[in-house]
Amino acid sequence: MPSKPAEKAPQPKPDEPRIALGWREWVALPDLDIARIKAKVDTGARTSCLHTFRTEPYTENGQRRVKFWVHPEQHQMHKVAECDAAVIDERTVTDSGGHKELRLVIETRVTLGDQTWPVEMTLTNRDSMRFRMLLGRTAMADRCSVLPESSYLAGEPVLRNKE
């Protein structure tokens, strides 16, 4: 049986250099007022994921929304970010252990280095994980190159005023 040809990865446009990322990076989530959170760069994960230890979905003016609480720093339970966002979807996600979970999906901007763009993010409890956030491959597509032997190549996030 003939094998299918390998799918070619999209090539970066010459006028748009890619951001070089290591296997872990500092990220900001300006729409959620999170100035800095450590993220694992995970090319194996389709969607990005944010740690939440409590979620409260609600409806306002016919729109689904969610309030959620985040510990942006590992082992710093006294530091809490209270967030609120529109729910854009609900998806069943299979984690690396093969467990399926129905998760709320929001859209929020991420900042890596001096660049900011919108990404979809699922919400789940990651208390047992080393990283409060995973940056998935969809968020990095056509923007980033990953150098797995390196860390923190993008530097500290540069926050600007909300656009």
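User: Where in the chain does L159 lie?

Analyst: This is a predicted model, so every value here is computed from it. L159 lies in the segment after β11 (144-146).

User: Why is L159 called partly exposed?

Analyst: The relative accessibility of L159 is 41%. Exposed needs over 50%, and buried needs under 20%. L159 falls in between, so it counts as partly exposed.

User: Which residues does L159 contact, leaving aside its neighbours within four places in sequence?

Analyst: L159 is in contact with A28, P30, A35 and T111. A contact needs heavy atoms within 4.5 Å. There is also a C-alpha distance to look at: L159 and R36 are 123 residues apart along the chain, and their C-alpha atoms are separated by 9.8 Å.

User: What share of the chain's contacts with a separation of 6 or more joins residues 24 or more positions apart?

Analyst: Such pairs account for 56% of those contacts.

User: What makes up the secondary structure of the chain?

Analyst: The chain has 1 helix and 11 strands. Along the sequence, the pattern reads β-β-β-β-β-β-β-β-β-β-α-β. Of the 163 residues, 39% are buried.

User: How do you know that β5 and β6 pair?

Analyst: Pairing takes at least two bridges. β5 (54-60) and β6 (63-70) have 7 bridges, in the antiparallel sense. They therefore count as a pair. One of the bridges has T55 with F68 as its partner in β6.

User: What is said of phi at N61 in that hairpin?

Analyst: The hairpin of β5 and β6 has 2 residues between the strands, and N61 takes a positive phi near 55°. N61 is not a glycine. Most residues other than glycine have a negative phi.

User: Why is N61 called exposed?

Analyst: N61 has 81% relative accessibility. The cut-off is over 50%, so N61 counts as exposed.

User: How many bridges join β6 to β7?

Analyst: There are 6 bridges, and the strands run antiparallel. Two would be enough for a pair, so β6 and β7 qualify. K67 has D84 in β7 as its bridge partner.

User: What makes β7 and β8 a pair?

Analyst: They are joined by 7 bridges and run antiparallel. V87 stands opposite I106 in β8. The hairpin of β7 and β8 has 5 residues between the strands, and G98 takes a positive phi near 85°.

User: How do β8 and β9 pair?

Analyst: β8 and β9 pair in the antiparallel sense over 8 bridges. R109 stands opposite P118 in β9. The two strands form a hairpin with 2 residues between them. In the turn, G113 has a positive phi of about 60°.

User: What is the volume of the largest pocket?

Analyst: The volume is about 690 Å³. Of the 29 residues that line this pocket, the closest to its centre are T94, D95, S96, R103 and L134.

User: Which strands supply at least two residues each to the lining of the largest pocket?

Analyst: They are β3, β4 (48-51), β7 (81-94), β8 (100-112) and β9 (115-124). β7 gives the most, with 4 residues.

User: How do the lining residues of the largest pocket divide into nonpolar, polar and charged?

Analyst: The lining has 6 nonpolar, 12 polar and 11 charged residues.

User: How many disulfides does the structure hold?

Analyst: The structure holds 0 disulfides. A disulfide would need a pair of cysteine sulfur atoms within 2.5 Å.

User: Why are C83 and C144 called buried?

Analyst: Buried means under 20% relative accessible area. C83 has 4%, so C83 is buried. C144 has 7%, so C144 is buried too.

Conventions. Residues are numbered from 1 along each chain as its sequence is written. This is a predicted model: local features need pLDDT of at least 70, side-chain atom pairs count only at pLDDT 80 or more; totals for chains, interfaces and linings use all residues. Side-chain values use heavy atoms; hydrogens and water are left out. Buried means under 20% relative accessible area, exposed over 50%, partly exposed in between (1.4 Å probe, protein chains only). On a 1 Å grid over the protein atoms alone, a cavity is a set of points where a 1.4 Å probe fits but cannot get out, and a pocket is an open set with protein on both sides within 12 Å along at least five of seven lines; lining residues have an atom within 4 Å of a point. Grid points are joined across faces, edges and corners, and a volume is the space filled by probe spheres set on the points. Ala, Val, Leu, Ile, Met, Phe, Trp, Tyr, Cys and Pro count as nonpolar, Asp, Glu, Lys and Arg as charged, and the others, Gly among them, as polar.
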